[in-house]
Amino acid sequence: YNGNDPSRVYYGTDTRAAGLLIGAALAVLWRPWTPGFKVKVSPRALELAALGAGAILVWAFWRWDEFSSFTYRPGLQLVSLASAVLVAASVHPETRLHAVLGWKPLRWIGRRSYGIYLWHWPVYVVTRPGIDLGWSSGPTLVLRLGLTLLLAELSFRYVEEPIRRGALGRLGTRFAARARTARAYSAGARSSAGRPLPSRSCSRWVSSSEAS
């Protein structure tokens with residue numbers, strides 16, 4: 001960790017792997033909506049845990065910065081665990097948090113959250129108030145949010161959803177079929193090119209036979 005330039009710790013896959021692994025473990029082990037799920041946890045206990053986890057995230061948002069050593073040791077891991085607790089509580093069908101987050105507008109945002117995350121940065125980069133735009137911060141924020149949501153919706157509808165429905169597999173099958181056709185055509189062309197042409201005497205014999 002370098003306090004003057006923490007980018008290596010922040011962007012490193014190895015240093016950020018804990019969050020990915022915690023999320024993957026939660027997805028595999030915690031499935032309370034499935035029949036026969038063995039782990040029994042009180043919904044009220046989950047709600048209390050989620051309340052504490054939310055407090056940790058709010059505290060981290062307001063108090064930590066990118067140059068604090070605590071942010072990286074053990075701050076990021078603590079944020080990952082708190083986020084996992086919130087997710088665990090929100091997917092449990094008997095918690096009130098599940099009902100709140102099931103509200104349709106929040107579900108719309110949630111399904112497009114990855115696109116929002118990806119698109120917000122380039123939108124913010126090209127809409128800097130006072131540099132790219134002559135607007136104040138208020139109208140600029142409205143524009144940024146609108147563009148981000150629009151791009152996230154377009155990528156969700158025309159990229160993410162088709163891929164989820166197997167578009168890449170169908171595209172691969174189509175390319176494979178075309179490649180097989182091209183190989184078969186090429187092999188046939190080479191085979192035809194390798195056949196000897198009829199000799200001149202043979203041609204005369206064929207012509208005389210046809211004449212008779």
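This report describes the helices, core, pockets and selected residues of one predicted protein model.

## Basis of the model

Residues are numbered from 1 along each chain as its sequence is written, and side-chain values use heavy atoms, with hydrogens and water left out. Because the model is predicted, local features need pLDDT of at least 70 and side-chain atom pairs count only at pLDDT 80 or more, while totals for chains, interfaces and linings use all residues.

## Overall architecture

The protein has ten helices and zero strands. Helices (H or I, at least four residues) and strands (E, at least two) are DSSP runs, numbered from the N terminus. Read from the N terminus on, the elements follow the order α-α-α-α-α-α-α-α-α-α.

Of the 212 residues, 19% count as buried. A residue is buried under 20% relative accessible area, exposed over 50%, and partly exposed in between, with a 1.4 Å probe and protein chains only. A contact means heavy atoms within 4.5 Å. Among contacts with a separation of 6 or more, 58% come from residues 24 or more positions apart.

## The largest nonpolar core

A nonpolar core is a set of buried Ala, Val, Leu, Ile, Met, Phe, Trp, Tyr and Cys residues joined through side-chain atoms within 4.5 Å. The largest one holds eight residues: Leu 26, Trp 30, Phe 37, Leu 46, Ala 50, Ala 84, Ala 88 and Ala 89. Helices α3 (43-63) and α4 (69-91) each supply at least two residues of this core, and α4 gives the most, with three residues.

Ala 50 is found in helix α3 and counts as buried because its relative accessibility is 8%. Leaving aside neighbours within four places in sequence, Ala 50 is in contact with Val 85, Leu 86, Ala 89 and Leu 97. Ala 50 and Ala 84 are 34 residues apart in sequence, and their C-alpha atoms are 9.2 Å apart in space. Ala 89, not counting residues up to four places away in sequence, touches Leu 46, Ala 50, Thr 95, Leu 97 and His 98.

Pockets are found on a 1 Å grid over the protein atoms alone: a pocket is an open set of points with protein on both sides within 12 Å along at least five of seven lines, where a 1.4 Å probe fits, and lining residues have an atom within 4 Å of a point. Grid points are joined across faces, edges and corners, and a volume is the space filled by probe spheres set on the points. The largest pocket has a volume of about 550 Å³. Its lining consists of Tyr 10, Tyr 11, Arg 16, Tyr 117, His 120 and Trp 121. Both α1 (7-11) and α7 (113-125) supply at least two of the lining residues, and α7 gives the most, with three residues. The lining divides into four nonpolar residues, one polar and one charged; here Ala, Val, Leu, Ile, Met, Phe, Trp, Tyr, Cys and Pro count as nonpolar, Asp, Glu, Lys and Arg as charged, and the others, Gly among them, as polar. This pocket lies between domain 1 (1-102) and domain 2 (103-177), because both give residues to its lining. The domain bounds come from an automatic or database domain assignment.

The second largest pocket contains about 360 Å³ of space. It is lined by 15 residues, and Tyr 10, Trp 64, Asp 65, Glu 66 and Thr 71 lie nearest its centre. Helices α1, α3 and α4 each supply at least two residues of this lining, with α4 giving the most, four residues. By type, the lining comprises ten nonpolar, two polar and three charged residues.

## Selected residues

Thr 140 lies in helix α8 (residues 137-164). Thr 140 counts as buried because its relative accessibility is 1%. Apart from neighbours within four places in sequence, Thr 140 is in contact with Thr 127, Pro 129, Leu 133 and Trp 135. Ala 18, in helix α2 (residues 17-29), counts as partly exposed because its relative accessibility is 28%. Ala 18 and Leu 78 are 60 residues apart in sequence and 9.9 Å apart in space, C-alpha to C-alpha.

Most peptide bonds are trans. The bond from Arg 73 to Pro 74 is cis, with omega near 0°. Pro 74 is found in helix α4.
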